[in-house]
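Good morning, and thank you for coming.

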Amino acid sequence: MSTSVATEFAGSWTAGRSVRRTALLLFLGVAAVALNTGIGYASAGTRVIPIVTGVLLCLAFATGVHLLHRASWLALLSLLPALFVLVGSVQLAPDLALEQRGVRQQVTIVDSEASGKRHTFTLRGAAGPLDEPLVYQGSSPGYRVGDTLTVLTDPEGRIALRDADRVDSAGKVGSLVLGALGWAVIALLAGWRGHVRRRTGRHVGLIL
């Protein structure tokens, strides 16, 4: 092999090494989904911890995609399924807990307050006013004084009261599965394209 050809292929990987690196990235993706879901269960009373760890794990996966692919566009694309992973892993535990042990009751909204995008609704049930309000973060809560709705309350007091219609653990599982599948496809693409780039001597690119 001539010197120029040897230089061209100096950074190439064997097919077996590329497969192993791709499998490692796939494992990282599955582990990130499982780990952050577990963290969500362990800290079901607060979303701050799984959000922070979820963001870090999603960035770690994107970094792995970039290193395997030797370009950035697939790493950037991996952030799209990362949103599904983040939402599913953070919200699955609270939704599942409310579905399993939550107390369902019909209430009426008797008062409301707004502070920025935080909307607080005072509720009254059959036994009188509820101690815990319904809190909505966003610009369009869709609730008005006088509305009747069904809520789920946590008898252990760890999880905030929620509108029963917005508690959907099956939907969160679907989000996790969709995000994990997206990551799997991206990992396989990164492994294949990274192998080709190394075989043809293409250097690390910022985008392509």
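Let me begin with a term: a residue is called buried when its relative accessible area is under 20%. Please keep in mind that this is a predicted model.

Is R162 buried or exposed? Its relative accessible area is 17%, so R162 counts as buried. R162 belongs to strand 6, which covers residues 162-163. Leaving aside residues up to four places away in sequence, R162 touches R47, D95, L98, L134, T150, V151, L152 and V167.

R162 leads us to the largest pocket, where it is among the residues that lie nearest the centre, together with R47, V135, A160 and L161. This pocket holds about 550 Å³ of space, and 21 residues line it. Ten of them are nonpolar, four polar and seven charged. Helix 5, strand 4 and strand 6 each supply at least two lining residues, and strand 4 gives the largest share, with four.

The second largest pocket has a volume of about 150 Å³. Its lining consists of W13, R21, L24, L25, L28, G64, L67 and L68. Helix 2 and helix 3 each give two or more of these residues, and the largest share, four residues, comes from helix 2. Here the division is six nonpolar, one polar and one charged.

Finally, I turn to helix 6, residues 169-199. After helix 6 comes G201, with a positive phi near 75°.

Terms used:
Residues are numbered from 1 along each chain as its sequence is written. This is a predicted model: local features need pLDDT of at least 70, side-chain atom pairs count only at pLDDT 80 or more; totals for chains, interfaces and linings use all residues. Side-chain values use heavy atoms; hydrogens and water are left out. The expected span of a helix is 1.5 Å times one less than its number of residues. Buried means under 20% relative accessible area, exposed over 50%, partly exposed in between (1.4 Å probe, protein chains only). Contact means heavy atoms within 4.5 Å. On a 1 Å grid over the protein atoms alone, a cavity is a set of points where a 1.4 Å probe fits but cannot get out, and a pocket is an open set with protein on both sides within 12 Å along at least five of seven lines; lining residues have an atom within 4 Å of a point. Grid points are joined across faces, edges and corners, and a volume is the space filled by probe spheres set on the points. Ala, Val, Leu, Ile, Met, Phe, Trp, Tyr, Cys and Pro count as nonpolar, Asp, Glu, Lys and Arg as charged, and the others, Gly among them, as polar.
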